[in-house]
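Please examine the protein model shown here. The questions that follow concern its helices and its charged side chains.

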Amino acid sequence: MTLRRAAPATTPVPRDAVDAITDQWAAVRPDLETTPMALYGRIYRIARTMGDRMEKEYGRFGISRGEFDVLATLRRSGMPYTLSPRELSATLMLTTGGMTGRLDKLEKAGLLARSPDPNDRRGLRVSLTAEGLDLVDEAVAAGLVIQREAVGTTLDRAEAEQLGALLRKLMAA
């Protein structure tokens, strides 16, 4: 990851829209401790902004962010890039109905194939096709460029690692 050099410790961070919101709350309810609101407000806004940027980037490949998630989950599973629909649903926290729609679209596009599970007559296996493998490899690299640019122009390596550790700690709670 190419990250910028550390800025001098005295570099002020500009106020943002979340500061305006917490300032408004402080004016009308000075008894409230709004630090958690500010923290989660920024996490939400960053996630939404980056999600929109990633959706646009994946759109260049003819897929949505949700469809990318299916392909990426299969890719990350390793050779032979095959999982059951239930395993995919559990990993992506989707209902089976939501998963079926994504699988139908991706199969129609030739990016994955469904086949009977050789170990379960009632089951299916979902596998990346060669075209799906190529596409997800290109899309993940393109997405990482967007993410690297967003982080690398703002945080140095130590800051990025510290933020990652703090977010991991918050998620574990």
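Predicted model: local features only at pLDDT ≥ 70, side-chain atom pairs only at ≥ 80, totals over all residues.

Residues are numbered from 1 along each chain as its sequence is written, and side-chain values use heavy atoms, with hydrogens and water left out.

Q: How is helix H3 oriented relative to helix H6?
A: Helices here are DSSP runs (H or I, at least four residues) and strands are E runs of at least two, numbered from the N terminus. The axes of H3 (residues 65-76) and H6 (residues 130-152) come within 10 Å and cross at roughly 105°; axes are lines fitted to C-alpha atoms, for helices over the stretch in contact, and angles run from 0 to 180 degrees between N-to-C directions. Angles under 35 degrees count as roughly parallel, over 145 as roughly antiparallel, 65 to 115 as roughly perpendicular and the rest as oblique. The orientation of H3 to H6 is therefore roughly perpendicular.

Q: Which residues of H6 make the contact with H3?
A: Contact means heavy atoms within 4.5 Å. On the H3 side, the residues are Phe68, Leu71, Ala72 and Arg75. On the H6 side, they are Leu133, Leu135, Val136, Asp137, Ala139 and Val140.

Q: How many charged residues are in the contact of H3 with H6?
A: Ala, Val, Leu, Ile, Met, Phe, Trp, Tyr, Cys and Pro count as nonpolar, Asp, Glu, Lys and Arg as charged, and the others, Gly among them, as polar. The contact of H3 with H6 has eight nonpolar residues and no polar ones. The number of charged residues is two.

Q: At roughly what angle do the axes of H3 and H5 cross?
A: Gly66, Glu67, Val70 and Leu71 in H3 meet Met99, Arg102, Leu103, Lys105 and Leu106 in H5. The axes of H3 and H5 come within 10 Å. H3 is roughly perpendicular to H5, because the axes cross at roughly 80°.

Q: Which residue forms a salt bridge with glutamate 67?
A: A salt bridge is a side-chain nitrogen of Lys or Arg within 4 Å of a carboxyl oxygen of Asp or Glu. Here the closest N and O atoms are 3.1 Å apart. The pair links helix H3 to helix H5 (residues 96-108), across 38 residues. The partner of glutamate 67 is lysine 105.

Q: Is glutamate 57 buried or exposed?
A: Glutamate 57 meets arginine 60 in a salt bridge (2.8 Å, N to O). Buried means under 20% relative accessible area, exposed over 50%, and partly exposed in between (1.4 Å probe, protein chains only). Arginine 60 has 60% relative accessibility and counts as exposed. Because its relative accessibility is 13%, glutamate 57 is buried.

Q: Which side chain of opposite charge is nearest to aspartate 117?
A: Aspartate 117 is found in strand E2 (residues 112-117). Aspartate 117 is buried yet has no salt bridge. Lys and Arg count as positive and Asp and Glu as negative, while His and the chain ends are not counted. The nearest side chain of opposite charge, 4.2 Å away, is arginine 125.
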